Amino acid sequence: MRVVPWLCLVVLLLSGCRSLSEPEPVSPPPTAVPAACQLPFLSGVWQLTHAIEATLPGRQPGLMIGVSVLSPADETFESVLLTVEGMVVFQARYEQGRVEIEGGIEPFRRDGFADGLIEDFKLVFFQPMGRLTTVSMISAEAVVCRYRLSDGDQVEVIGRGANRWEIHQYHPSGSLRRTVEAFPGDRGDVEGGALAVPGKIRLTAHGAFGYALTLRLIEAQRLSD
Amino acid sequence: MTFRKATSECRWLFMLFISCFWLMGWTDSWTHIRTETAGIETVTARFVQTKHLKILSKPLRSEGIIYYQAPDSLRWEYRTPQPSVTLTHRGKTERYFKTDSRWVRDAGSNLQVMQYILVEIKHWLSGRFDENPGFQPELKADHRIVLTPKDQAVAAMIERIELVLSATPGVITTVTIFENQDSYTHFVFEDTRLNDPIDPLLFQRR
């Protein structure tokens, strides 16, 4: 009977230590990003409001409301985190690599928090800013696009159809850094032109200081094309 | 004719005086407010909260219900868009929120900020607007109370709080929390009921 907990531990460790494997490339080398790999990323200017559930290992989750205005084409976003009662705890603006913290309270104003939030946000909402290296089919409906970023990280975008996609970010060593999964939400998805915004997005940061964020869509509004 | 006209004007002025007196009523002094609210044991009200931010194209709207039982029990419940409940009872504050059809306890650090605000709300609901040493209260002529933080740390988060009182003693119509010129939260209270019995279990985790 004692074997069972150990087996569970081994399975957990193995799943946490997932590393980058080489998918079968579609030859010749890709010149354009397939539509399935563009699905996760919005075009135009959007205002998104999410209920954000943040979970640290071994702790109960915390709830916040996140409001963001993003323009992927301009590589710009502004993000505000609020308590459900409306108190602003963090406000920052990102513009083409430059981060400006515009408001908030401790511990949210700390550099580490802002940097992590910006990186999470870019991973979820912006198309990877790197070179597309491979495009592969992993099933009849799923396409994997792999990018190499300038800092050596690799990002896989796996398109599984509307509102079902995954993003995996790998450290240059090949270990999994972050996972993003999108799901149709319980409040229904909000249609926005050719794209739909998923009702639920789950981001998991792996490693010793890992955490998980679940974003439940409250409202999506396309402000301009 | 002149006499009748003068009588009519006197009557009109008298009515105006009476209605002004009635409107000023319980909000003309801190003492009067405390006297009028002294008998309030419970408050129940629905509220609509709108968050105004410079980046929002339209305010973020939430709705909920508040329950207060003197001296210090409070249930601050949001029904939409994100169900959550903050409970303050016997000096302990906890928040729960709904996720995937189940309620979980909120361990977020922002709860500490809210504990401060909840103490303030309890003061207001019991008519003790001038009892928090952290705020400078001002009683305005138009049923308005303005609370300005004295402490620099609080002032960094809250510029001022404005409350508008109803003509009915003990009833608050609106509360607006101004964080800065670009950000404020407006609460409108409706269907306020005073001294209706409240199930004590509403203030406890179930």
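The legends below describe close-up views of a predicted two-chain model.

Residues are numbered from 1 along each chain as its sequence is written, and chains are lettered from A in the order in which they are written, with ligands numbered from 1 in the same way. Because the model is predicted, local features need pLDDT of at least 70 and side-chain atom pairs count only at pLDDT 80 or more, while totals for chains, interfaces and linings use all residues; side-chain values use heavy atoms, with hydrogens and water left out.

**Figure 1. Overall make-up of chains A and B.** Chain A contains three helices and 14 strands, and chain B contains four helices and 11 strands. Helices (H or I, at least four residues) and strands (E, at least two) are DSSP runs, numbered from the N terminus. Of the 225 residues of chain A, 50% count as buried; in chain B, buried residues make up 47% of 206. Buried means under 20% relative accessible area, exposed over 50% and partly exposed in between, with a 1.4 Å probe and protein chains only. Among contacts in chain A between residues at least 6 apart in sequence, 44% join residues at least 24 apart. For chain B, residues 24 or more positions apart account for 41% of the contacts with a separation of 6 or more. A contact means heavy atoms within 4.5 Å.

**Figure 2. The open sheet of chain A.** In chain A, 12 strands form an open sheet in the order E5-E4-E3-E2-E1-E14-E13-E10-E9-E8-E7-E6, with antiparallel pairing. Two strands pair if DSSP finds at least two bridges between them. Strand E5 (98-104) and strand E6 (130-137) of chain A stand at the edges with a single partner strand each, so one side of each is left without a neighbour in the sheet. Neighbouring strands of this sheet are turned by 20° against each other on average, direction ignored. The angles run from 0 to 180 degrees between N-to-C directions, and the axes are lines fitted to C-alpha atoms, for helices over the stretch in contact. Gln91(A) has Gly103(A) as its bridge partner in E5(A).

**Figure 3. The disulfide of chain A.** Cys37(A) and Cys145(A) are joined by a disulfide, with an S to S distance of 1.9 Å. The pair links distant parts of the chain, 108 residues apart: Cys37(A) lies in helix H2 (residues 35-38) of chain A and Cys145(A) in strand E7 (residues 143-149) of chain A. The torsion about the S-S bond of Cys37(A) and Cys145(A) is about 90°, so the disulfide is right-handed. Both Cys37(A) and Cys145(A) are buried. With a disulfide defined as a pair of cysteine sulfur atoms within 2.5 Å, the count comes to one over all chains.

Figure 4. Phe77(A), Tyr94(A), Phe121(A), Phe125(A) and Phe126(A) are linked into a cluster by ring pairs. Over all chains, the whole structure holds 13 aromatic pairs. Rings of Phe, Tyr and Trp (its six-membered ring) pair if their centres lie within 6.5 Å; planes under 30 degrees apart count as stacked, over 60 as edge-to-face and the rest as tilted. In chain A, the charged end of Lys200(A) sits over the ring of Phe183(A), 5.4 Å from its centre. In chain B, Arg160(B) lies over the face of Phe178(B), at 3.9 Å from the ring centre. A charge sits over a ring if NZ of Lys or CZ of Arg is within 6 Å of the ring centre and within 35 degrees of the ring normal.

Figure 5. Strand E1 (residues 42-53) of chain B and E2(B) run antiparallel and are joined by 10 bridges, with Arg61(B) in E2(B) as the bridge partner of Thr50(B). The hairpin from E1(B) to E2(B) passes through six residues. Strand E2 (residues 60-69) of chain B is mostly covered, with seven of its 10 residues buried. Seven bridges join E2(B) to E3(B) in the antiparallel sense, and Tyr67(B) has Arg75(B) in E3(B) as its bridge partner. A hairpin of three residues joins E2(B) to E3(B). Strand E3 (residues 73-80) and strand E4 (residues 84-89) of chain B also pair in the antiparallel sense, over five bridges; in E4(B), Thr86(B) is the bridge partner of Trp76(B).
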